[in-house]
Amino acid sequence: MKHIKEFDRFASAYQRQKIIQTKVAKYLVENSPFQGKYILDLGAGSGEVYRAITWDFEKFYALDLSAKMLSFHPTTKVEKIYCSFDSELCWQKLKKRKIDQVFASSSLQWSKDLDTVFMHLQNFPHLSAALFTNNTFRSIHEKLGIKSPIRPVKEVLDIAKKYFMVNYEIREYKLFFPDIKSAFFYIKKSGISSGEKRASVASLRQFMRTFDKNYLEFEVIFLWCEK
């Protein structure tokens, strides 16, 4: 296991909203031991994985529940599939496609039933996935006394190892902000938060006055899996 810390300082709020997800997708793709010709991207969004691929491929299946997100996805050699990877109907649709590699970057941490998702994924020979873990926004969660809505590393690994031979790596990132209000705006807009309100207005106000860090932490587990 590699455990790597990485630090980024950016002034632009627009760049910050996607910078971590972009870096995660790029690292996931660049370190993939397999270069598929028929690729499925789970939670494809606006196309970070697609843009990171440097090899020639025949077909790219961009799957996402959000039509709005997929409207920004590139279209060359792409078939867009609108469904949730937590839906059984979605996997029935995918059985009809020729797929030799699956990517899932910054998406599977929101699965309601990750075990079932991995059970379906074992039908494909190669999986490269990156999931944010519960140590993402760790300092904020600790200060507010709330539990992360996403899974710890051990739980993710235990599930993946049930279905695949797994190589994995854990990377830590920090993203710096001019003030805590900017950090909270990032959390809201970036898609890394679940969108759930888990702290009272009073505790948030107190937090904004007393929090002494100017950065957010992220922890990502990268999985490169084969059957």
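Predicted model: local features only at pLDDT ≥ 70, side-chain atom pairs only at ≥ 80, totals over all residues.
1. The pairing between strand 5 (residues 101-105) and strand 6 is parallel and runs over four bridges.

2. Leu 131 stands opposite Ile 221 of strand 8.

3. Is strand 6 enclosed or open? Seven of its seven residues are buried, so strand 6 is largely enclosed by the rest of the structure. His 126, Ser 128, Ala 130 and Phe 132 point one way. Leu 127, Ala 129 and Leu 131 point the other way. Both sets are buried.

4. Helix 7 (residues 153-163) has a buried side. Its buried residues are Val 153, Val 156, Leu 157, Ile 159, Ala 160 and Tyr 163. Seen down the helix axis, they fall within an arc of 165°, so they line one face of helix 7. An α-helix has 3.6 residues a turn, so residues three or four places apart point the same way. On the other side of helix 7, Lys 154 and Lys 162 are exposed.

5. What does the buried face of helix 7 pack against? Its partners are helix 5 (114-121), strand 6, strand 7 and strand 8.

6. Now the nonpolar cores. The largest has 40 residues. Ile 20, Ile 53, Phe 60, Leu 216, Phe 218 and Phe 222 have the most contacts inside it. Among the elements that give it two or more residues are helix 2 (48-52), strand 3 (59-64), helix 6 (138-144) and helix 8 (180-190). Strand 6 (126-132), strand 7 (165-176) and strand 8 (215-226) are also on that list. Helix 1 gives the most, with seven residues. In soluble globular proteins, nonpolar side chains tend to be buried together.

7. Take Ile 53 as one example. Leaving aside neighbours within four places in sequence, Ile 53 is in contact with Val 29, Ile 39, Phe 60 and Phe 103.

8. Last, the whole protein. Its secondary structure comes to nine helices and eight strands. Of its 227 residues, 50% are buried. Among contacts with a separation of 6 or more, 71% join residues 24 or more positions apart. The protein exposes about 11,600 Å², and carbon and sulfur atoms supply 51% of that area.

Technical notes
Residues numbered from 1 in each chain as written. Heavy atoms only, no water. Buried < 20%, exposed > 50% of the residue type's maximum accessible area, 1.4 Å probe, protein only. Contact = heavy atoms within 4.5 Å. Areas by Shrake-Rupley, 256 points an atom, 1.4 Å probe, with all protein chains shown as cover. Core = buried A, V, L, I, M, F, W, Y, C linked by side-chain atoms within 4.5 Å. Arc of directions from axis to C-beta. Pairing = 2+ DSSP bridges.
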